[in-house]
Amino acid sequence: MKKIILIALLLGINLICFSQEVSWEELSEKANKLYKEQKYDEAAVIAEEALQAAEKLFTPDHPNVAKSLNDLANIYTMQAKYAEAEKLFKQALEMEEQMYGPENADIARTLEDIGILYFRQGKYVDAESRRLAPPRLEW
C-alpha cells in the first residue's frame with residue numbers, strides 16, 4: 001500500500017512540474033504572438049508572467065530563463081523602455097555566455113537585439129559595433 005501511495009505521489013509531482021513547464025511555454029508563445037501583432041502592452045504583461053514562471057520553474061541559469069529575459073527586453077525596446085531593456089539583455093547575454101561559451105547563435109541573436117536597442121536610441125556607433133563584431137558561431 002505504501003508503494004502505491006508513493007508511486008501516486010511521485011506521478012502527481014511529475015504531472016505538476018510538466019503542467020508548469022507547459023504553462024511557461026504557453027505564456028512565452030502567447031507573448032511572442034502578441035509581439036508579432038505589435039500589441040506591445042499586452043505582450044509585456046504576458047512576457048513578465050512568463051519570466052516569473054521561468055524563474056520559479058527552472059534553475060537560474062536555465063536557457064528558458066534567458067529566453068524569457070530576452071523576449072521581455074525586445075518588448076521593452078519596442079515600448080521605448082530602453083534602460084529596462086538593456087538591463088534584461090545584459091542579464092540574458094551574461095547567462096548565455098556562461099551556458100554556451102562566447103561562440104553561439106543565441107549569443108549572436110542577443111548581441112543583434114542589443115544593437116537594435118542602441119540603434120533605436122540613436123547610439124549608432126554602439127549599434128554598429130554590435131553588428132560588425134559578432135561572435136564566431138558553432139552550428
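Predicted model: local features only at pLDDT ≥ 70, side-chain atom pairs only at ≥ 80, totals over all residues.
Hi everyone, thanks for coming. Let's start with helix 4, residues 82-100, and helix 5, residues 105-120. Their axes come within 9 Å and cross at roughly 160°. Angles over 145 degrees count as roughly antiparallel, so that is how helix 4 and helix 5 lie to each other. The crossing is left-handed.

Who makes this contact? On the helix 4 side we have Tyr-82, Ala-85, Glu-86, Phe-89, Lys-90, Leu-93, Glu-96, Glu-97 and Tyr-100. Helix 5 brings Asp-106, Ile-107, Thr-110, Leu-111, Asp-113, Ile-114, Leu-117, Tyr-118 and Arg-120. Sorted by class, the contact has ten nonpolar residues, one polar and seven charged.

If you look at the numbering, keep the helix repeat in mind: an α-helix has 3.6 residues a turn, so residues three or four places apart point the same way.

Now please turn to helix 2, residues 40-57. With 18 residues at 1.5 Å each, helix 2 should span 26 Å, and its end C-alpha atoms are 25 Å apart, which agrees. Which residues of helix 2 are buried? They are Tyr-40, Ala-43, Ala-44, Ile-46, Ala-47, Ala-50, Leu-51 and Ala-54.

Last stop: Asn-74, which sits in helix 3, residues 63-78. Is Asn-74 buried or exposed? Its relative accessibility is 17%, and buried means under 20%, so Asn-74 counts as buried. Leaving aside residues up to four places away in sequence, Asn-74 touches Tyr-35, Phe-89 and Asp-113.

Technical notes: Residues numbered from 1 in each chain as written. Heavy atoms only, no water. Axes fitted to C-alpha atoms, helices over the stretch in contact; angles between N-to-C directions. Helix = DSSP H or I, 4+ residues; strand = E, 2+ residues; numbered from the N terminus. Parallel < 35°, antiparallel > 145°, perpendicular 65-115°, else oblique. Left-handed = near helix turned anticlockwise from the far one by under 90°. Contact = heavy atoms within 4.5 Å. Nonpolar A, V, L, I, M, F, W, Y, C, P; charged D, E, K, R; others polar. Expected span 1.5 Å × (residues − 1). Buried < 20%, exposed > 50% of the residue type's maximum accessible area, 1.4 Å probe, protein only.
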